[in-house]
Amino acid sequence: MKKSILKNIAIFFIVVLAIASLFSLYNLDSEPVENIDIQKMVQEINDEKIDKIAVQGNKLNITLLDGTNQSVYKEDIESFSELLSSYEISPDKLTKFSREVVKEDTFSMLMKSLLPTLLMVFFIGLLLWFMLRQVQGANKNAMSFGLSKAREQKKDSKTKTTFKNVAGVKEAKEELLEIVDFLKNPKKFLALGAKIPKGVLLMGPPGTGKTLLAKAVAGEAGVPFLSISGSEFVEMFVGVGASRVRDLFNRAKKNAPAIVFVDEIDAVGRQRGSGLGGSHDEREQTLNQILTEMDGFEPNANVIVMAATNRPDVLDPALLRPGRFDRQVVLDLPDINDREEILQVHMRNKPTEQDVNLRHVAERTSGMSGADLENVLNEAAILAARNNLKKITQSELLNSIEKVMIGPERKSHVLSEQEKKITAYHEAGHALVAHLLPNADPVHKVSIISRGHAAGYTLSLPESDKYLHKKSEFIDNIAVLLAGHTTEKVIFSEVTTGASNDLEKATKTARRLITRYGMSDKLVPRIYGEKEELIFLGRDIREQRNYSEKIAEEIDTEIDQLIFDAVETDKKILENHRDKLEAIVAELIEKETIEKDRFIEICGPKVSRENK
Ligand code: ADP
Ligand code: MG
Ligand code: ZN
């Protein structure tokens, strides 16, 4: 990219120079020259005004006594002397000036006549060269199509990633330390007859640091890191993917010890023979080539293939066979301690105020990945800069959490008085129910400032990270989700569109509870409906019904019952605690936002979990 800009500048200068030299050639005799006619020259001769006449071909260059330059063109057929005699000038006048014959420099004459043509040819040549080069470039691209576009991180690159850059994920790091050891001292393992692992598969949700960790392994071991993304393989031409794989592995072997990293391997490594899409054959060939290359490694080739995926469920089992990606490292979403550590890692190069409490940030970011956390910190830094602060404070951090979770604040989105009132009741309803139901998450913040698509929002977050959920939590959660709708209905006897997102979430939760988690009291615990993945268009997921019409009806009845019960719970709470609801609404309308501590002041301590 940069190179071509430089080239263009160079060409531009050449063209400018060429034009400039053309002009300068024509103006070699740059003193002003007056063109006169022959009569005038004869007149001047007779007036004895002339100092010198230089004959240059058909051009007569006249220098007057006062130093003025003039020029005259004579006819081709007569010589200068003939010209003079034909005007019958007296001989004594002819002695008054000196005469000189300038032999025209044939080269400059030639140049003058040829230059325009030469320049034309030059420009046309230039144009042709350009066009040719472009075609060649395209050709070259076509030729290098089969070469991998793998990016390479050299071993001594200054911005080397190491395990220090990766926070949390302790187990994964421990497991990968072994790989680092293999790469550093292969002899130690070979001496004991151990086979060096060929492939490591990193599995985990997006943004949990798979790519980062793979780089860190290369950084720790001090070996080159060749990376390519699975989705890059899937291009139009059949056979290209396979040849790229071949090239990639050849390069790795040349640079061994090295790490080959295939990001998003699910893009090529999906189960074979089940696809419908057009790129299916191509994918299969690419996958086969990867497997062939891995099988073809000599036992001490010292190239380790790392791959990452967030869809281990769709991978072809052949990839997971021993001798291929037999090491599998799982990365989970970070827990609260890991989140704090990740925040610390990314806070290192950011100036922060004393009041910043990363633990508190970690508490509020349950469920966020490392990438999300990095994003929160970045948003906080941007916000601080926009507020002309020198350091990031806690308030920017908390604000950016909400921005990342719900969407940007929309201060310009002014609610009308009536809308404000409805939103306040809606959010107060959510908050009150969340506060009073023992299995619902405690309220951290209620706000009627628009954010993203929401007119207002209630932030209720779990006290600690949870991996297992009980039915009672789902039941309470559904009630919290429906509380906004119910409150609108109870207070205004009419509902707005503001609750549709809540309804969707509540319905989904209720359905999952019955069809996925076996939590129905009436139906037997089994999975209802089979998820079927269509490879066609990548991510299409369709559910296939594997139950009868009768069961379908029962599922519907069960879902309806759950929703009905939740609404009843909400109604009861609203009836019994109307005073608290009104108190929250009044505060919201006045201040727009209520933080956790103030909320507890209004509503009293949170009703806690029964069996805690
Ligand atoms: P993945 O490949 O799993 O989708 P990445 O490795 O690309 O995720 O992570 C994206 C970014 O998130 C990283 O560049 C890093 O800044 C941040 N990140 C994710 N996990 C961690 C972690 N455990 N420690 C530090 N930073 C992390
Ligand atoms: Mg990645
Ligand atoms: Zn709502």
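Biologist: Which residues coordinate the zinc ion (ligand 3)?

Modeller: In this predicted model, the zinc ion (ligand 3) is held by His426 through NE2, His430 through NE2 and Asp502 through OD, at 2.0 to 2.1 Å.

Biologist: What spacing do the donors of that zinc ion follow along the chain?

Modeller: The donors of the zinc ion (ligand 3) follow H-x3-H-x71-D.

Biologist: And how are His426 and His430 placed in helix H17?

Modeller: His426 and His430 are about one helical turn apart, because they lie four residues from each other in helix H17.

Biologist: Are those two buried or exposed?

Modeller: Both His426 and His430 are buried.

Biologist: Back up a bit. How many helices and strands does the protein have?

Modeller: There are 22 helices and 16 strands. The protein has 612 residues, and buried residues account for 42% of them.

Biologist: What about contacts between residues at least 6 apart in sequence?

Modeller: Of those contacts, 73% join residues at least 24 apart.

Biologist: OK, helix packing. How do H17 and H21 cross?

Modeller: The axes of H17, residues 417–436, and H21, residues 578–591, come within 9 Å and cross at roughly 130 degrees. That angle is why H17 counts as oblique to H21. The crossing is right-handed.

Biologist: Which residues make the contact?

Modeller: On the H17 side they are Lys420, Lys421, Ala424, Tyr425, Glu427, Ala428, Gly429 and Leu432. On the H21 side they are Lys580, Leu581, Glu582, Ile584, Val585, Leu588 and Ile589. By class, this contact of H17 with H21 has nine nonpolar, one polar and five charged residues.

Biologist: Lys420 is on that list. Is Lys420 buried or exposed?

Modeller: Lys420, which is in helix H17, has a relative accessible area of 17%, so it is buried.

Biologist: What is Lys420 in contact with, leaving aside neighbours within four places in sequence?

Modeller: With those set aside, Lys420 contacts Leu415, Ile448, Ile589 and Glu592.

Biologist: Now H20. How do the axes of H20 and H21 cross?

Modeller: Helix H20 spans residues 549–576, and its axis and that of H21 come within 5 Å, crossing at roughly 80 degrees. H20 and H21 are therefore roughly perpendicular to each other.

Biologist: Which residues meet there?

Modeller: Leu574, Glu575 and Asn576 of H20 meet Arg578, Asp579 and Leu581 of H21. By class, the contact of H20 with H21 has two nonpolar, one polar and three charged residues.

Terms used
Residues numbered from 1 in each chain as written. Chains lettered and ligands numbered in written order. Predicted model: local features only at pLDDT ≥ 70, side-chain atom pairs only at ≥ 80, totals over all residues. Heavy atoms only, no water. Axes fitted to C-alpha atoms, helices over the stretch in contact; angles between N-to-C directions. Helix = DSSP H or I, 4+ residues; strand = E, 2+ residues; numbered from the N terminus. Parallel < 35°, antiparallel > 145°, perpendicular 65-115°, else oblique. Left-handed = near helix turned anticlockwise from the far one by under 90°. Contact = heavy atoms within 4.5 Å. Nonpolar A, V, L, I, M, F, W, Y, C, P; charged D, E, K, R; others polar. Donors = N, O, S within 2.8 Å, 3.2 Å for Na, K, Ca; no water. Buried < 20%, exposed > 50% of the residue type's maximum accessible area, 1.4 Å probe, protein only.
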